[in-house]
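Biologist: Could you take me through this one? I'd like the overall numbers, then the details of a sheet.

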Amino acid sequence: MSSSSVAVDPDAPEPEVEIRRSTRRRRTVSAYREGDRIIVLVPARLSAQEEARLVADMVARVQRSTARRKSPGDVELGADAERLSRRYLGGLARPTSVRWVDNQRTRWGSCTPTRGTIRLSSRLAGMPAYVVDYVLLHELAHLLRPDHSPAFWELLGGYPRLEEAKAYLDGVAFGAGLPAADDDASDVDDAEEPAS
């Protein structure tokens with residue numbers, strides 16, 4: 001596999017694009033974001049013209065996907081995280097990023113304490129605000145306590161609708177045929193989940 005790097009637009013704050021050519025890859029082209037870069041995987045046999053066309057198309061797709069994920073909803077989510085941290089955690093939980101994700105099918109939220117990142121499932125969209133606040137506060141508390149110990153639950157003890165929000169989520173899970181949230185289940189990750 002060989003690779004090269006190209007700047008998408010040197011005048012704009014666009015990410016760097018790295019093209020990785022593979023002799024094993026025959027027809028498919030794929031792309032994903034890795035930090036500030038967009039990685040595009042292409043077959044090694046492509047002509048320069050075909051490669052340029054496909055790379056431009058894949059970069060545009062990744063950028064559209066990123067724009068959807070970094071929607072105003074993410075900005076609002078970050079403001080909500082700050083508000084909840086101040087009110088219930090003394091402002092001690094300070095995430096580096098808070099965002100909605102589409103790839104969480106069995107968890108309402110997750111976090112990576114070592115990176116300070118929090119992700120909430122887009123399945124929460126449309127649920128009552130107190131439920132979303134509970135999930136966000138739960139993940140904020142994991143930045144301070146990456147477990148479900150009694151000390152962790154003490155951090156959440158000041159949230160007035162804690163039991164109501166947990167019951168709501170259990171009801172949604174039951175109605176969807178999913179297992180109920182287990183207070184001992186891990187929603188703390190050691191590494192960042194790939195975005196979908």
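Biologist: How much of the protein is buried?
Modeller: Of its 196 residues, 40% count as buried, meaning under 20% relative accessible area with a 1.4 Å probe, protein chains only. This is a predicted model, where local features need pLDDT of at least 70, side-chain atom pairs count only at pLDDT 80 or more, and totals for chains, interfaces and linings use all residues. Residues are numbered from 1 along each chain as its sequence is written, and side-chain values use heavy atoms, with hydrogens and water left out.

Biologist: How many helices and strands?
Modeller: The protein has 5 helices and 7 strands; these are DSSP runs, with at least four residues of H or I for helices and at least two of E for strands, numbered from the N terminus.

Biologist: And the pattern along the sequence?
Modeller: It reads β-β-β-β-α-α-β-β-β-α-α-α.

Biologist: Now the sheet with E5, E6 and E7. What is the strand order?
Modeller: The order is E5-E7-E6, in an open sheet with mixed pairing; two strands pair if DSSP finds at least two bridges between them.

Biologist: Which strands stand at the edges?
Modeller: E5 (97–101) and E6 (109–112) do, each with a single partner strand, so one side of each has no neighbour in the sheet.

Biologist: How do E6 and E7 pair?
Modeller: E6 pairs with E7 (residues 117–121) in the antiparallel sense over 4 bridges. Ser 110 stands opposite Arg 119 in E7.

Biologist: Which helix lies across those strands?
Modeller: Helix H3 (residues 129–144) lies across E5, E6 and E7 and runs at about 155° to E7. Axes are lines fitted to C-alpha atoms, for helices over the stretch in contact (heavy atoms within 4.5 Å), and angles run from 0 to 180 degrees between N-to-C directions.

Methods: Buried < 20%, exposed > 50% of the residue type's maximum accessible area, 1.4 Å probe, protein only.
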